[in-house]
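Trainee: Hey, I've just been handed a new structure to look at. Could you walk me through it?

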Amino acid sequence: TMPAIRSGRVRTALLLGIFLLMLLGNVLTPYAVDDWAYMHSFATGARLTRFGEIFPSMAAHAQTMNGRLFAHFWAQLFLLLPKAVFNIVNALIFTALIALLARLTQPEDERDNLILLMIFCAVWVFVPAFGQVFFWLDGACNYGWGCVIGFAFLAPYIRLLDRDAKKKPLFWILWMLTGFYTGAYLENMAAGAIFLSALLLFGRRVLCRKKNGVLPWLPVLASVGGFIFMMTRPAESMKSGAESSLASLGTGLVAALEKYRSLAVLLVVFAVSLVAALWYHARREKIYLAAALVLGSLCANFALSVASYYPERCLAFPAVLLIAADAVLLSELFSGKAKLPVLCAAAVLVLSTLYWGVFGFADITNVYLQVRANETAVTEAAVRGESSVTVPYIETLTRYSALYDLKYLDTEDAQSWPNGAMADVLGIGEIRCEPETAKEAE
């Protein structure tokens, strides 16, 4: 076969390319919406200036906003530092996600660069609200990093099922910390990861007829503890307690199914690959792992049936789990008898990525220039001693821009959110925003 497929140099070049591409996307994504708010302490409302102020801010956050304290701790920390630090860290974390997915979905001895490339392309093409999940500071700390944390927690369970890679007792005891952290990080990611870790242990017991013992279950229990810790913060009970009847659950289920439909292509690929894998007698463990990943994805999606609202960025973990399931089966088929269909799928994916890459970066750049122009207008007005400034609203074209589907600024009320926080950071009394349509009408 083609030597480039297994070459270490090619893998390094691919990962470096992915890192640089993501770094560029991060550099071209300015602070937006929640970022302005998170530059302030939730305890005092004043601008954060020191590391120590984050802790009382997060304590207040748990009372009024939500229970995702770890994720928002990172957001507030990186908002204290120069944006360049976040740009580099975030691009590294995304690259780590792709590398981790490629490792977990393939056998140890046959790491194919083709599968690595396909995983990156699939994430680029299929993750909804891509810019909010992987470029936007506040969004990435929650959703993008949530994906990495979920997979890192699941890694030993996947290896235990897949390769019977046993760990020492001390590992499982320390992994309880990772479990708690995962459970308390992001609501629907935690639900999916907890369910999936139990499915993987269950599969090993039933499918492979191997005893797990009690130790691997301890981090699973710790993650349940973390989840309970997050969901019992006062702010969470205010959110979900608003309405929880059977009727609203039914509405929520339908809404979650409607959102999940945007991942239809990934489900179709899974269905086709599953039939092919069964036809070619692929390894049982691999087929079970792929099916478990899909069930985990469904769990992470339908966990949001009880949420008060379901933004597209919450689909990140369900989408990445489906991509992992497809990668497991396609990697099995590629190392077996079905190389051609996998190469064809790769060609289609690379083509789509080129299209959405060009289109996406054009949009990211366009939005970046508009945001920068608006910020310049605000700071110049402040220098002139004006107390109020009006800027145009910004429209986006693609899901690669962080502002896609977000409220850039309030066009009705200059005192409302996020205008107030942004005005405070940029040093002006108020920022008004006029919709583009109003300007055209004149």
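Predicted model: local features only at pLDDT ≥ 70, side-chain atom pairs only at ≥ 80, totals over all residues.

Trainee: What percentage of the residues count as buried?

Mentor: Of the 442 residues, 53% are buried.

Trainee: And how many helices and strands are there?

Mentor: The chain has 19 helices and two strands.

Trainee: What about the radius of gyration, what would a compact globule have and what does the chain have?

Mentor: A compact globule with 442 residues would come out near 22 Å, and the chain has 23 Å, so the two agree. Along the principal axes, the C-alpha atoms fill a box of roughly 75 × 45 × 45 Å.

Trainee: Okay, and contacts? What share of them join residues at least 24 apart?

Mentor: Counting contacts between residues at least 6 apart in sequence, 77% join residues at least 24 apart.

Trainee: Let's zoom in. How many residues of helix α18 are buried?

Mentor: Six of the eight residues in α18, which runs over residues 419-426, are buried, so the helix is largely enclosed by the rest of the structure. Among them are Met422, Val425 and Leu426.

Trainee: What covers those buried residues?

Mentor: The cover includes α2 (34-38), α17 (339-383) and β2 (430-434). Also have a look just after α18, where glycine 427 takes a positive phi of about 75°.

Trainee: Switching topic: how many salt bridges does the count come to?

Mentor: The count is 14. One of them pairs glutamate 430 with arginine 432, with the closest N and O atoms 2.8 Å apart. Glutamate 430 counts as buried at 14% relative accessibility, whereas arginine 432 is partly exposed at 39%.

Trainee: Which residue does aspartate 164 form a salt bridge with?

Mentor: With arginine 204, and their closest N and O atoms are 2.6 Å apart. This pair links distant parts of the chain, 40 residues apart: aspartate 164 is in the loop between α8 (137-163) and α9 (169-183), and arginine 204 is in helix α10 (residues 187-206).

Trainee: Is arginine 204 buried or exposed?

Mentor: Arginine 204 is buried, with a relative accessible area of 4%.

Trainee: What about lysine 83, where is that?

Mentor: Lysine 83 is in helix α5 (residues 83-104). This lysine is buried but has no salt bridge.

Trainee: How far away is the nearest side chain of opposite charge?

Mentor: That is aspartate 35, 7.0 Å away. A salt bridge needs the nitrogen and oxygen within 4 Å. A polar atom of the lysine 83 side chain does lie 2.9 Å from the backbone oxygen of threonine 29. Leaving out neighbours within four places in sequence, lysine 83 is in contact with Asn26, Thr29 and Tyr31.

Trainee: Which residues does glycine 131 touch?

Mentor: Not counting residues up to four places away in sequence, glycine 131 touches Trp136, Arg399, Tyr400, Ser401 and Ala402.

Definitions and conventions. Residues numbered from 1 in each chain as written. Heavy atoms only, no water. Helix = DSSP H or I, 4+ residues; strand = E, 2+ residues; numbered from the N terminus. Buried < 20%, exposed > 50% of the residue type's maximum accessible area, 1.4 Å probe, protein only. Lys, Arg positive; Asp, Glu negative; His and termini not counted. Polar contact = N/O pair within 3.5 Å; in protein donor to acceptor, adjacent residues only side chain to side chain. Contact = heavy atoms within 4.5 Å. Rg over C-alpha atoms; globule rule 2.2 N^0.38 Å.
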